[in-house]
Amino acid sequence: MVTLSSDSRNIIGRGPPLGAGLFFLGLVSVGVMMLDTRGGYLETVRLWLGAAANPVYAVVQTPGQLWDWLTGSFADRTRLRLENAELSEQLRVARVKLLQFDSLREENVRLRAVREASAGVGGRTMIAEIMRVDVDPFRHRVRINKGAEDGVFRNQPVLDAFGIVGQVVQVDKYSATLILISDAEHAIPVQVNRNGIRSIAVGAGDLNKLSLPYMTVESDVKTGDLLVSSGLDGIFPAGYPVAHVTRVERNPADTFALVEAKPLAQLDRDREVLLLWTDPPTQVEAPAQESDIASKPAAATSQPKPAATTETAPAAETPPKPPAAQPQPQQPSQE
Amino acid sequence: MSEGRISRLRVTVTVIVAIIFAVVPLPEPINAARPDLLLLLVIYWSLSAPRIAGLLFAWFCGLAIDVLKGIVLGQHAFAFLVVAYMTHKLQLRMRIWPVSQQALFVFGFLAVYQFLVFWLDGIIGQPVTTWQRWLPVLSGALLWPVLVAVLDTWNRRNR
């Protein structure tokens, strides 16, 4: 039985009645919810409330960080030496690959200028660490240790060394929440790298699976195909790897084939991710579309888009874009 | 009887512990069944110290959960508020019941809470439909006797 203290609720007399309290606070909560979802009026409030929550995160993370520090400082020599050798080997390989990069980029810029296309190449990046805190066991969301202070903005694309990880859904002062591409409410426009067929990869609520529900039965896609982002959403820049097709099943009676893919980014193993600021041209690409999407990254918004998948035409034709822009000298675009 | 009062400090300390517990990463199989410790505390303090733990207290606790884990502000705050209201309504009866019967009602409260959160999720348009989201209801009800035992001992000793 719960401890009886002398401190029980008054049966008669002072204090506002319970019902009034419920009614008033209920109204306040409904109001807050409406302001937050419908208008997004509470962005600044959230910014500061999130900052207030920072000590909690600090406490929660301490054991993990302590462990990292301990293992880091007591790592033995041989392991460090091995790691060093491995890393310099990797660096050498990467250097060789980069040799041609500059000339290729120049050429790319020139060709895009000729075609009056405006997709930018490259951009500014920043490394963010994934915090060891639980956000929601049923949603694929993670928290990172960079926030509005560092220039993070909503709908910012996030990558790792292998591919696209997800995008920022909510920004606090010193931290931000990501939604992973595998979340059941996330969808990303992709195209098959081999032939440019466009489609949409929808998260399946499973870290190792994306589904492509809008691939027609006769569309040319095979297992092993690389899917790259098509950039049609105005959020993710074009050309970054997203997933490998793992399964294609065609039933001639159906309109759509059953296509599944495996994300390339190591969604469950990453400790660090890259925040990406794309070049200005891609950002002003389609303002109307972008603001439409910005409201929510849900699958529902991406479906009715022109990209919708059923077309098998080569992706040579790019969607109409505002007057060409040379990829300008990189400028970190704070939103 | 002033020494019989449960101090605000004690309530605050338990609340802070519960807030930290809400975001501590747990291993995968247990994670889905993480009990809503903060809500259990709100129920407990509403029963044993209703003048300190009023509706406003419950609302702010819910808001803290919103900030840490919520999709939208006010969602958990609302659910906490409704549960606290029901607890306050039943307070005089509920606290003299045996723990088993209390646990049964706590089970009901937690179910109402989860349903409200689920429902508001649906209105916002981002529902989570796995059956596993109802696991915290069960784990919370099972945790209730333990929580009551621990906090009662603490309260009696430090009185």
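**Close-up views of a predicted two-chain model**

**View 1. The contact between chain A and chain B.** The contact draws on 37 residues of chain A and 53 residues of chain B, where two residues are in contact if their C-beta atoms, placed from the backbone, lie within 7 Å. On chain A, the elements that give two or more residues to the side touching chain B are α1 (18–39), α2 (43–52) and α3 (54–73). Helices (H or I, at least four residues) and strands (E, at least two) are DSSP runs, numbered from the N terminus. With ten residues, α1(A) gives the most to this side.

This is a predicted model, in which local features need pLDDT of at least 70 and side-chain atom pairs count only at pLDDT 80 or more, while totals for chains, interfaces and linings use all residues. Residues are numbered from 1 along each chain as its sequence is written, and chains are lettered from A and ligands numbered from 1 in the order in which they are written.

**View 2. The barrel in chain A.** Six strands of chain A close into a barrel, in the order β6-β7-β8-β11-β10-β9, with antiparallel pairing. Two strands pair if DSSP finds at least two bridges between them.

**View 3. Strands β9 and β10 of chain A.** Strand β9 (residues 226–229) and strand β10 (residues 241–249) of chain A run antiparallel and are joined by three bridges. A:Val228 stands opposite A:Pro241 in β10(A).

**View 4. Confidence in the model.** Chain B has a mean pLDDT of 87, and 95% of its residues reach 70 or more; pLDDT is the predictor's confidence in each residue, from 0 to 100. The model scores ipTM 0.83 and pTM 0.76.
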